[in-house]
Amino acid sequence: MIKGTINTRILKRSILKHIARNDITGVGVGMDYAVLDKTSSPSVLIVADGYSAISEGMALQRALNNLATAGARAEKIMISLIANSDCTEQIIRDKMNSACKLAKERGLHIIGGNTAINGDGENLAITITAYGKTDESILNQLSDKAVDGDVIIIIGDAGAYGTSLIAETRGEEMLSRFAESYIASMHISEDKLDIYDKCQALIEGGVSMIHDVSFGGIYRTLVEVSERTGLGIDILHEDIPIKQNTIEACEFWNINPYQLLGTGGIVAVCHEEKLNDIKAALEKRGIEYSVAGKLTKDGARVVHSGDDKIRRSLNYYEGDEIFNLRG
């Protein structure tokens, strides 16, 4: 299989179909958090995972972002390390020390975890499980049934974080085309990828669904929104936010920026009558956004340009373009 998030078809038929449904499980494509406990209503306990084979900071950020899509802020975390057989104790120590420092900086309590050795090589992967609370009324709002004509809002530039990683790890190879200062402009620090405040603004405005962007980029996220709502999507290509340096970096590597790692981005859905309130809530906080399209009852998943010279049907994407760099 391809590295990255598993193909949606495989996810549905080989993983999700085996999970028994009940009033608390709520698992599904595009659902990146779970309700752990409703007994203390109106406060509801939420749990979410974050994974990275690159950075403990990114594993933590993905967990926190997944919680944020439920309106929850993390309070406690568990850390699991999966190291390959040639991974040294020093690497494990350094990663754990860094993860603990990050947790302390964010006021998070570490309550457990697991460490195991598995596979060959020197790599170490980290999964962080985060726990936080949200209000039951927020969960009810975020599970409101989507309908034909609901508006799709995008926050964050497509492929920006993936571009940042490429500039960091393969920047020297890009000097054959780009100036060093231009490559430096592609970098994004991990502390800029937190989406909690943006999610709070969206919730305040009245959105009915929030999904963060990660592996597979904005295209996969849009497919997952379609899967979760049971409706089609119609997106105007020009209204997907993207930076010029991302486009140029992806042209250099011959990869698709719209299928590139997009951590820090958000796709939200709202009823049309809520749109002005959401715009006001975002603009009040200086949050940039794009009203990119709508949900449709015909089931098609289409991205098109204003002149219809671009017309793409979105597929069941797997992996991520970050793994397709040549060389």
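Which residues does Ile155 touch, not counting residues up to four places away in sequence? The model shown in every view is predicted.

**View 1. Ile155 and the residues around it.** Ile155 is found in strand 6, which covers residues 151–155. Leaving out residues up to four places away in sequence, Ile155 touches Lys198, Leu202, Gly265, Ile266, Leu282, Ile287, Glu288 and Tyr289. Ile155 has a relative accessible area of 3%, and because buried means under 20%, Ile155 is buried. Ile240 is 85 residues away from Ile155 along the chain, and the C-alpha atoms of the two are separated by 9.0 Å.

View 2. Strand 8 (residues 232–236) and strand 10 run antiparallel and are joined by four bridges. Within this pair of strands, Asp234 stands opposite Lys294 in strand 10.

**View 3. The salt bridge between Glu272 and Lys294.** Glu272 and Lys294 form a salt bridge in which the closest N and O atoms are 3.4 Å apart. The pair links distant parts of the chain, 22 residues apart. Glu272 is in the loop between strand 9 (266–270) and helix 10 (275–284), whereas Lys294 is in strand 10 (residues 290–296). Glu272 is partly exposed, with a relative accessible area of 48%. Lys294 also counts as partly exposed, at 36% relative accessibility.

View 4. Another open sheet has five strands in the order 1-2-5-3-4, with mixed pairing. Strand 1 (34–37) and strand 4 (109–117) are the edge strands, and each pairs on one side only. Neighbouring strands of this sheet are turned by 25° against each other on average, direction ignored. Strands of a sheet pair through backbone hydrogen bonds, either parallel or antiparallel. Strand 3 (residues 73–83) pairs with strand 4 in the parallel sense over eight bridges.

**View 5. Strand 5 and its two partner strands.** Strand 2 (residues 43–52) and strand 5 run antiparallel, joined by 10 bridges. Gly50 has Ile128 of strand 5 as its bridge partner. Strand 3 pairs with strand 5 in the antiparallel sense, over 10 bridges. Here the bridge partner of Leu81 is Ile126 in strand 5. Nine of the 12 residues of strand 5 are buried, so this strand is largely enclosed by the rest of the structure.

**View 6. The salt bridge between Arg106 and Asp194.** The structure holds eight salt bridges. One of them joins the side chains of Arg106 and Asp194, with an N to O distance of 3.5 Å. These residues are 88 apart, and the pair links distant parts of the chain. Arg106 is in the loop between helix 3 and strand 4, and Asp194 is in the loop between helix 6 (180–184) and helix 7 (196–205). Arg106 counts as partly exposed at 35% relative accessibility, and Asp194 counts as partly exposed at 28%.

**View 7. The salt bridge between Glu224 and Arg220.** The closest N and O atoms of Glu224 and Arg220 are 2.8 Å apart, and the two residues form a salt bridge. Both belong to helix 8 (residues 217–229). Because they are four residues apart in this helix, Glu224 and Arg220 are separated by about one helical turn. Glu224 and Arg220 are both buried.

Conventions. Residues numbered from 1 in each chain as written. Predicted model: local features only at pLDDT ≥ 70, side-chain atom pairs only at ≥ 80, totals over all residues. Heavy atoms only, no water. Pairing = 2+ DSSP bridges. Axes fitted to C-alpha atoms, helices over the stretch in contact; angles between N-to-C directions. Buried < 20%, exposed > 50% of the residue type's maximum accessible area, 1.4 Å probe, protein only. Salt bridge = Lys/Arg side-chain N within 4 Å of Asp/Glu carboxyl O. Contact = heavy atoms within 4.5 Å.
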